[in-house]
Amino acid sequence: MRNLAKIALPLGAASLLLGAIPAQAETKILFNYFVPPKHPLKVGIIDNWAKRVTEGSGGRIAVSYPAKTLAPAPRQWKMITSGIADATVMYNNFERKRLSLDQVGTLPFSITDAASTATALWRTHKKYFEAKNQYKGVKFLGYIMHGGGELFSLKDPILSVADMKRMKLRSPPGDVAKAVGRTGAAVVPTPGVKAFDVVSKGIVDGLVFPIGDVWKLKMTPYVKHLTKVPGKVYGAVFSLYMNQKVWNKLSKEDKAVVTAASGEKISMDSNNWGNVDIEAEAIYRQKGIGIHNASAGFTADLMKLWAYQDEGWIATANKAGVDGRAALDFYRAESKRIYKASQN
C-alpha cells in the first residue's frame, strides 16, 4: 500500500486511521479537518467527497482522518504544503492575501443559498480566476460555502445601525471585522471555532454568524434575537485541496476519479451545511428567539456603509489581471440563476 502522508502519529491515532482503511486500498489519503466531527462541514461535505472518491475508485483509494486536527484552523495551507497531511478544507479568510480573488465570495448582499453561491463561485473561478494560478503549490479541488452570516444579539434586537453602534460584536477576522467596525460597533474578531467562548462568557453583546452554526456550536441558549439581512452580512469561502506532490503521484485513473468527485459536486454539497440554517431557524422559533427581517432602511444604511467592499475587491481583481466588474457581475448573476433554477 502506498502511504501518501509522511507523518508520525501516536500509536492510538495510527491504529484509528489504519482500522478505517479498506484492505484492498492501494492509495490512502489522510484528510485533516478542524471542525467538530459532527459538524455539517465534516459529515455533509468532507465525508461525501471521501465516499465518492472511494466508491469511484472501486476501493483503490481510501480516505482516512487523524484522531484530532494536525494543525490549527489558520495553518491548514502550511500543513498541507509541508506534507503533514494529504488533503484538507481551509477557511480562505486565513489566506486572503494569497487567495484574493476568492474573496468575491465574502462580499455582502450576495448569498442566495449555500449550494447556488458556491457553484457560482466555482464557475467564476473557472471563467476568470483559474489562469491566475493563485492555488500554486496545492491541487485545488473545489469551493464550499455556508448559508452566510447574519446578526445575532444576546439581549436587545439589532434593528438599525444605531443598535450596532451600541454593541460589542463577535465577527470573523479580517475584512468582515473591518466592515462590522464601520457601523461603529466594537468588534471582537474571533475564529468560528472560538466563538462559543466569547458568547458563553458574555464578552460580547452579539455576533455575526451563520444561522445554523449558532445552533450546531451550542450557542442557542445565549442568543435572544436574530436579524436577517437580504443577501447576508457576509459569505464565507472554504476550499478543499490536496498536497501537490500527493496529487502528482496519483495514477491517471485515480486523478480522474478525484476530479469527478470534486468541482461542482463539492459546491452542491454545500447545501448540506446551508440546510442546517432552515432546521436551526425552526428551533429558534420554538424556543422563542426573536427573528427579525432587516428593514429597507436598515438594509440601505448597511449597503451604503459597505459599498466600499465591492469597489475594493474590483480594484484588487483588476490589479491581478482580472476584469473585476465583469467577474463580480457574473458571480452574482450566476448565483441568482442557479438558485432560481433550483426552485423550479
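**Figure 1. Helix α12 in this predicted model, residues 271-286.** Let us start with a length check: at 1.5 Å a residue, the 16 residues of α12 should span 22 Å, and the C-alpha atoms at its ends are 23 Å apart, which agrees. Buried residues of α12 are W273, G274, V276, D277, A280, E281, I283 and Y284. Why do they lie on the same side of α12? The arc they cover around the axis is only 160°, which puts them there together. An α-helix has 3.6 residues a turn, so residues three or four places apart point the same way. On the other side of α12 you will find I278, R285 and Q286, which are exposed. After the helix comes G288, with a positive phi near 80°.

**Figure 2. Strand β4 (residues 87-91) and its two partners.** Of the 5 residues in β4, 5 are buried, and the strand is thus mostly covered. In a regular strand the side chains alternate between the two faces of the sheet. Here both faces are covered: A87, V89 and Y91 are buried on one side, as are T88 and M90 on the other. Strand β2 (residues 27-32) pairs with β4 in the parallel sense over 2 bridges, and N32 has T88 of β4 as its bridge partner. Strand β11 (residues 237-243) runs antiparallel to β4 and is joined to it by 5 bridges. In that pairing, M90 meets S239 of β11 as its bridge partner.

**Figure 3. The largest nonpolar core and the surroundings of F31.** Nonpolar side chains tend to be buried together in soluble globular proteins. The largest core of this model holds 50 residues, and those touching the most other members are F31, L41, W49, F238, M242 and V258. Helix α2 (residues 40-56) gives the largest share of this core, 6 residues. Zooming in on F31, and leaving aside residues up to four places away in sequence, its contacts are I46, W49, V63, S64, Y65, P66, A87, T88, V89 and L240. Another core, of 32 residues, lies apart from this one and includes W77, A120, A317 and V322.

**Figure 4. Strand β9 (residues 206-210) and its pairings with β6 and β7.** How much of β9 is buried? The strand is mostly covered, with 5 of its 5 residues buried. Strand β6 (residues 149-153) and β9 run antiparallel, joined by 5 bridges. Strand β7 (residues 168-171) pairs with β9 in the parallel sense, over 2 bridges.

**Figure 5. The side-chain contact between D254 and R60.** D254 belongs to helix α10 (residues 252-260). Is D254 buried or exposed? Its relative accessibility is 2%, so D254 counts as buried. The side chains of D254 and R60 are joined by a polar contact of 2.6 Å.

**Figure 6. K68 in the loop between β3 and α3.** With a relative accessibility of 68%, K68 counts as exposed, because exposed means over 50%. For a sense of distance, S267 is 199 residues from K68 along the chain, and their C-alpha atoms are separated by 25 Å.

Definitions and conventions:
Residues are numbered from 1 along each chain as its sequence is written. This is a predicted model: local features need pLDDT of at least 70, side-chain atom pairs count only at pLDDT 80 or more; totals for chains, interfaces and linings use all residues. Side-chain values use heavy atoms; hydrogens and water are left out. Helices (H or I, at least four residues) and strands (E, at least two) are DSSP runs, numbered from the N terminus. Buried means under 20% relative accessible area, exposed over 50%, partly exposed in between (1.4 Å probe, protein chains only). The expected span of a helix is 1.5 Å times one less than its number of residues. The arc is that of the directions from the helix axis to the C-beta atoms. Two strands pair if DSSP finds at least two bridges between them. A polar contact is a pair of N or O atoms within 3.5 Å; within protein, one must be able to donate a hydrogen and the other to accept it, and residues adjacent in sequence count only if both atoms are side-chain atoms. A nonpolar core is a set of buried Ala, Val, Leu, Ile, Met, Phe, Trp, Tyr and Cys residues joined through side-chain atoms within 4.5 Å. Contact means heavy atoms within 4.5 Å.
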